[in-house]
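Hi,

Here is the structure I promised to hand over. Have a look at it first, and then read on for what I found.

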Amino acid sequence: STILVLHGPNLNMLGTREPEVYGHETLADIDDRLRETAAQQAHHLLHLQSNAEYELIERVHEARAEGVDFILINPAAFTHTSVALRDAMLASGIPFIEVHLSNVHAREPFRHHSYFSDIAEGVICGLGSQGYDLALQAALHRINR
Ligand code: DQA
C-alpha cells in the first residue's frame, strides 16, 4: 500500500523553529524514520512539505489518481484557515489522520479550531514527532485489517 505524508507551512523549519514547542528533530529525520517503518512492512511512503496551499491541494488531487491508500497530514497553520484544503481532502475520499506536534488545545484560542478534525479518521496532538509514528502505526493497522 501507499501512504502519503503531507506537511504544511513552516514545517520545513523544524529543528530550528521554536524548538521548545516543536522539538529538535528536523522534518527529514521524521520522514526518514516513517519511510523506514513503512518499508519494513512492505509499504510505500511518499511525503511532501509545502508552504503553498495550492501545492498541497494539487498533491491531494494527484494522490487520488495515484491510488494512495492513506494520508497522514499536519496542515500546520492551514489547519485553522483552509476550507480549500479541507475540500480537497473530502474530494479525494482518502482516509487520513491529522497530526500536530504541539498540543494545539493548550495554545492560543485560534489554534483550537481545525477544519480537518471532524472529517479525519483520528487526530493526534501534543506528542511531538512521536505523533507521526503513532499515526503511521494506526494507518498501517487500518490498511492491513
Ligand atoms: C502545528 C500547530 C499549528 O497551530 C501551527 O500553525 C503549526 C504547527 C503543530 O504541529 O503543532 O505550524 O500544526
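Before the details, one term: I call a residue buried if 20 or more other C-beta atoms lie within 10 Å of its own, exposed if 12 or fewer, and partly exposed in between, with C-beta atoms placed from the backbone. Helices (H or I, at least four residues) and strands (E, at least two) are DSSP runs, numbered from the N terminus.

Please keep in mind that this is a predicted model: local features need pLDDT of at least 70, side-chain atom pairs count only at pLDDT 80 or more, and totals for chains, interfaces and linings use all residues. Residue numbers start from 1 along each chain, as its sequence is written.

Let's start with helix α4. This helix covers residues 83-92, and its buried residues are L85, A88, M89 and S92. They sit on the same side of α4, because they cover an arc of only 100 degrees around the axis (the arc is that of the directions from the helix axis to the C-beta atoms). V83, L90 and A91, on the other side of α4, are exposed. What do the buried residues of α4 pack against? Their partners are α3 (53-66) and β4 (96-100). After α4 comes G93, with a positive phi near 70 degrees.

Next, the core. A nonpolar core here is a set of buried Ala, Val, Leu, Ile, Met, Phe, Trp, Tyr and Cys residues joined through C-beta atoms within 7 Å. The largest one has 35 residues, and I3, I71, L72, F96 and A135 touch the most other members. Elements giving two or more residues to this core include β1 (2-7), α2 (27-40), β3 (70-74) and α5 (130-144), and α4 and β4 are also among them. For contacts, I count two residues whose C-beta atoms, placed from the backbone, lie within 7 Å. Not counting residues up to four places away in sequence, F96 touches F70, I71, L72, I73, M89, A120 and E121.

Strand β4 also holds E98. With 24 other C-beta atoms within 10 Å, E98 is buried. Leaving aside neighbours within four places in sequence, E98 is in contact with I73, S114, F116, S117, A120 and V123. E98 and P75 are 23 residues apart in sequence, and their C-alpha atoms are 7.7 Å apart in space.

Now the ligand. Which residues surround the ligand? They are N10, N74, A76, A77, T79, H100, L101, S102, V104 and R111, where a residue is near a molecule if its C-beta atom, placed from the backbone, lies within 6 Å of it. This shell divides into 4 nonpolar, 5 polar and 1 charged.

UniProt positions are given in the numbering used here, feature names are shortened, and annotations may be inferred rather than shown by experiment. The unreviewed UniProt entry has an "active site" covering Y22 and H100. These span 79 residues in sequence, yet no two of their C-alpha atoms are more than 9.4 Å apart, so they gather at one spot. Y22 is in helix α1 (residues 19-22) and is partly exposed, with 19 other C-beta atoms within 10 Å. H100 is in strand β4 and counts as buried, with 22 C-beta neighbours inside 10 Å. Leaving aside neighbours within four places in sequence, H100 is in contact with N74, C125 and G131.

The unreviewed UniProt entry also places a "binding site" at N74, H80, D87, L101, S102 and R111. H80 lies in the loop between β3 and α4 and is partly exposed, with 16 other C-beta atoms within 10 Å. L101 lies in the loop between β4 and β5 and counts as buried, with 23 C-beta neighbours inside 10 Å.

Cheers

Technical notes
Nonpolar A, V, L, I, M, F, W, Y, C, P; charged D, E, K, R; others polar.
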